[in-house]
Structures are given as structure tokens and as C-alpha cells.
Amino acid sequence: MRLSGLFIYLMLMQWAIAQEPLRVLSTRNGLSQNAVTCIYQDKKGFLWVGTQDGLNRYDGYQFKHYKHNPEDTTSISDQFITAINEDGQGALWVGTRHGLNRFNGSTEKFTRFFPDTSLKKAFQYAFTSLIKLDNGNLVMTSQNDLLCWDIENQSLYPIMRPKDLPTNFTVHRNKLIYGHQKGIAQLPIQPAKNTNILYQKNADLTSMYSDGRRIWMIVNTPAGGYQVKLADVEQTNRTNNSIQLNRRINHISFDLQKNAWIATTKGLIVADSNGVLLKNQPAIPANDEVLYTYASKEGIIWIGFANK
């Protein structure tokens, strides 16, 4: 793998924050499709890029594609990639619009998972997030359930949660955090014994992200805009700084300094760990929709556009 290429990209990204040109990798460089939905760097340093038309592995030189083949049951289950992560044993997991997949790096084959077998032949069975816990297990969400992959027992089990699946949730310090009408609630991540926990969804709260210290909540405002609120989990009624935006927020990631990279329908916004916007913002045109951002182990910020 060409590490020097990655460091050059880091330099270019640092220049971008100072309003200098940004290097772009696209279909012209071998990417399977330009709408980038998720990004992940594995323990070997490979960069995995999910798009709306296939999974890509980037080694610093070129992209390798992984696509669904209806005649091959060991190919990935769907072209539309929705989430990527590794478990504690280094196995790569890929969520798609239809099914969950575990990648075998030795054979380059995929094992498909359809926990709800009744949806195996459905048009859509999406897995929208994969979050690794400190013990190496993975918490994952499908369109109708919350599950955990137990690396010790090599099995999936449903997580204890409210009866009505909260779409506005995250994992923070190895606990399930979700928002409701009265604030933030938390549950231990353990096998489901009770799915009748009282829960009233906060319709204005669309999504949540953890930076390890605080929860970043995306809230719809009465005027039709969006607000990013910071909250302390231990003090559920206390809200810290907030950011007002007039555009939809697609994703938030955090770099090594805990700055928040906020992907929106109209460009990219960067705030510090306290929710204060940085003076120097990335030089990305406001009419470019950003779907996803990701900070690599080297500190490189990768930006996924809707169709750059």
C-alpha cells in the first residue's frame, strides 16, 4: 500500500481548510460510482468506500470493485452500500440496501446474513448502521430491528430496546442512547428480554452521533431548518451549544481532535468539540451535496459527495 499517497492527501486536505484546491477521486480514478454513501479504513490500512453502485477497496494506487452477482451466492448481497465496519476480530462487515454481509479477506468472498428470513426475498432489507463496541462486538440496525454480533459466540442476537424501534439512536460508552420526547434515555446493550419499554418518539429529533464525550443531536426546527444540539448523557436535561442550519444534515463524523465534520445538502461545515464553528472552513462549493465524511487513522479527512 502506498502510504505516501495517503499523506499527500492529508496535506491536500489541510490545504483545503485553508481555502486551497481539494484533490478529488472519482470514477475517472476507478471509483465504481460517484455517489459515496459510507467510508471506512480497516486495520490493514485499506480504505473501503461504499457507493450506490458497489463496494470499493482503495490501496493508495487503485480501486478494486465488489458488486452483487445474482449467480454467485458468495458475492455481496446488493449494490447499494449503506454501512461498513470491522468487528474485534478484524472481520469486515458491510450493510447494504438488501442484507448484511461479512467479508472474508482470504477468499474475497462474502457471507450473507438475513436475520429476519421473511424479508430475504423482499425488495428492501436495509442495514443502515454498524457500530463497534469496546469488546469488539458490533451493534447494527436494520429497518425493523436492533441487533448485536457477538464475536465470542459468533452469533447475532436482538438487543433490548423499546417496543417501537427508535430510529434516532446511537451508541455511547457501550450503551444504547436514544432520544424521546423528554430528552435522552440509555439502555445497557444486552440480549432482548423486554421489548415493552415505554417510549415516545421525538418526531423532531432525526439522528444522533457520539464523539465519545457528548451526544450531537440533529433536530428539525419549526421554521423548516435544522439544529445541531450538544447534550451531556449524564445530565439528560442539559443542552450545550447548538448550531443553526438552513440545510439538511446527512452525517456527522469526528476527527482526531474531536472536531465535527458535518455533511449537508449544501456543502460541509466544521465545528470544534464544543460546537463552535471553525474560522477556516473547507473550500467546498455550497451547491455540492456531501453525504459522508470520515477521518482515517493518519488524520486524513475523506469526503463523500452525492455526485462529484
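Predicted model: local features only at pLDDT ≥ 70, side-chain atom pairs only at ≥ 80, totals over all residues.

A: Residues are numbered from 1 along each chain as its sequence is written, and side-chain values use heavy atoms, with hydrogens and water left out.

First, the setting. The protein has 24 strands and 1 helix. Both kinds of element are DSSP runs numbered from the N terminus (helices: H or I, at least four residues; strands: E, at least two). Of the 308 residues, 53% are buried. Buried means under 20% relative accessible area, exposed means over 50%, and partly exposed lies in between (1.4 Å probe, protein chains only). The accessible surface is about 14,800 Å². Carbon and sulfur atoms hold 47% of that surface. These areas come from the Shrake-Rupley method with a 1.4 Å probe, and for residues only the protein chains shown count as cover. Contacts also say something about the fold. Among those with a separation of 6 or more, 46% join residues 24 or more positions apart. A contact here means heavy atoms within 4.5 Å.

Now the salt bridges. The count is 6. The rule asks for a side-chain nitrogen of Lys or Arg within 4 Å of a carboxyl oxygen of Asp or Glu.

Start with Arg 57 and Glu 108. Their side chains form a salt bridge, at 3.2 Å from N to O. This pair joins distant parts of the chain, 51 residues apart. Arg 57 is in strand β3 (residues 54–58). Glu 108 is in the loop between β7 (100–104) and β8 (109–113). Arg 57 is buried because its relative accessible area is 19%. Glu 108 has a relative accessible area of 24%, so it is partly exposed.

Glu 108 has another partner, Lys 64. Here the closest N and O atoms are 2.4 Å apart. Lys 64 is partly exposed because its relative accessible area is 35%.

The backbone of Glu 108 deserves a look too. Its phi is positive, about 60°, although the residue is not a glycine. Most residues other than glycine have a negative phi. Asn 174 also has a positive phi, near 65°, and is not a glycine either. Asn 174 sits in the loop between β13 and β14 (175–180). At 30% relative accessible area, Asn 174 is partly exposed.

Next comes Arg 214 with Asp 232. The closest N and O atoms of this salt bridge are 3.6 Å apart. Arg 214 lies in the loop between β16 (205–210) and β17 (215–220), and Asp 232 lies in strand β18 (residues 226–232), so the pair ties together parts that are 18 residues apart in sequence. Arg 214 and Asp 232 are both buried. As for shared partners, salt bridges join Arg 57, Lys 64 and Glu 108 into one network.

On the surface, Lys 43, Lys 44, Lys 132 and Lys 297 gather in a patch of positive charge. A patch takes residues with over 30% relative accessible area and no salt bridge, joining like charges within 9 Å and nonpolar side chains (Val, Leu, Ile, Met, Phe, Trp, Tyr) within 5 Å. Lys and Arg count as positive and Asp and Glu as negative, while His and the chain ends are not counted. Each charge is placed at NZ of Lys, CZ of Arg, CG of Asp or CD of Glu. Lys 43 lies in the loop between β1 (36–41) and β2 (47–51). Lys 43 is exposed because its relative accessibility is 58%.

Pro 162 is in the loop between β12 (155–158) and β13 (169–172). Its relative accessibility is 0%, so Pro 162 counts as buried. From Pro 162 to Tyr 178 is 16 residues in sequence and 9.7 Å in space, C-alpha to C-alpha. Phe 305 is in strand β24 (residues 301–305). Phe 305 is buried, at 7% relative accessible area. Phe 305 and Leu 268 are 37 residues apart in sequence, with 10.0 Å between their C-alpha atoms.
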